[in-house]
Amino acid sequence: MKYKFIDSDAQLKITCDELSCESIIGVDLEADSLHCFREKICLIQVAAKNRAFLVDPFGISDMSPLRRVLENPDIIKVFHGSDFDVRSLDRDYGARVVKLFDTEIACRFLGIRERGLAALLKRNFNLDVDKKFQKINWAQRPLKQEMIEYSVGDVSHLVQLYDII
């Protein structure tokens, strides 16, 4: 999936104006919780049907455009295992995610035993996902290309998973 790296207030505003026209988006985030005392969001991934945006919060001073997208009741926000993400978005930006669909919770209701994102991507798209970057320090910059690809992969199929589930 093609992606765009967002690291300024102006880019975030333009991107969120585009996202406001979507009916459904996938959302994920990466943090540094294993590498510091006070964890923080280090990267926010947002995907529409055919494009992804990687939001670097370290270069952005005003996250209100993203908060408005997350709080927009006209847009379905698809997460996988949303509990940490939702708490972190509220803690760091005061964002209250509205119209959330959690693929992991949906799989519980469907009786699917292997509910991890890697298992769902294998089951539904025959993709093998290496989760080696799951516990890396996402606060480090610059991000390595492998980390970027991993982060895009984590969010790029969420909208399709929503459709399947």
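**Entry 1: a bridge partner.** I began with K4 and found its bridge partner in β4 to be F53. This is a predicted model, where local features need pLDDT of at least 70, side-chain atom pairs count only at pLDDT 80 or more, and totals for chains, interfaces and linings use all residues. Residues are numbered from 1 along each chain as its sequence is written, and side-chain values use heavy atoms, with hydrogens and water left out. My helices (H or I, at least four residues) and strands (E, at least two) are DSSP runs, numbered from the N terminus.

**Entry 2: around β4.** I noted that β1 and β4 pair in the parallel sense over five bridges; two strands pair if DSSP finds at least two bridges between them. What about β3 and β4: parallel or antiparallel? They run antiparallel, joined by four bridges, and V46 has F53 as its bridge partner in β4. I then checked cover: four of the five residues of β4 are buried, where buried means under 20% relative accessible area, exposed over 50%, and partly exposed in between (1.4 Å probe, protein chains only).

**Entry 3: the whole sheet.** I wrote down the strand order as β1-β4-β3-β2-β5-β6, an open sheet of six strands with mixed pairing. The edge strands β1 and β6 (100-102) each pair on one side only. Neighbouring strands are turned by 25 degrees against each other on average, direction ignored. For such angles, axes are lines fitted to C-alpha atoms, for helices over the stretch in contact, and angles run from 0 to 180 degrees between N-to-C directions.

**Entry 4: helices on the sheet.** I saw α1 pack on the sheet, touching β1, β2, β3 and β4, with its direction at about 145 degrees to that of β4; contact means heavy atoms within 4.5 Å. Helix α3 (residues 82-93) packs on the sheet too, touching β2, β3, β5 (76-79) and β6, at about 80 degrees to the direction of β2.

**Entry 5: the buried side of α1.** Which residues of α1 (residues 9-19) are buried? I listed L12, T15, C16 and L19. They lie on the same side of α1 because they cover an arc of only 100 degrees around the axis, the arc being that of the directions from the helix axis to the C-beta atoms. Their cover includes α2 (64-70) as well as strands, among them β2 (24-31).

**Entry 6: aromatic rings.** I counted three aromatic pairs; rings of Phe, Tyr and Trp (its six-membered ring) pair if their centres lie within 6.5 Å, and planes under 30 degrees apart count as stacked, over 60 as edge-to-face and the rest as tilted. F101 and Y162 are edge-to-face, 4.8 Å centre to centre with 85 degrees between the planes. F101 sits in β6 and Y162 in helix α7 (residues 158-164), so this pair ties together parts 61 residues apart in sequence. F101 is partly exposed at 23% relative accessibility, and Y162 is partly exposed at 26%. Ring pairs also link F133, W138 and Y150 into a cluster.

Entry 7: I found a cis peptide bond between R141 and P142, with omega about 0 degrees. P142 lies in the loop between α5 (117-125) and α6 (145-156). That loop also holds N126, a residue other than glycine with a positive phi, near 55 degrees.
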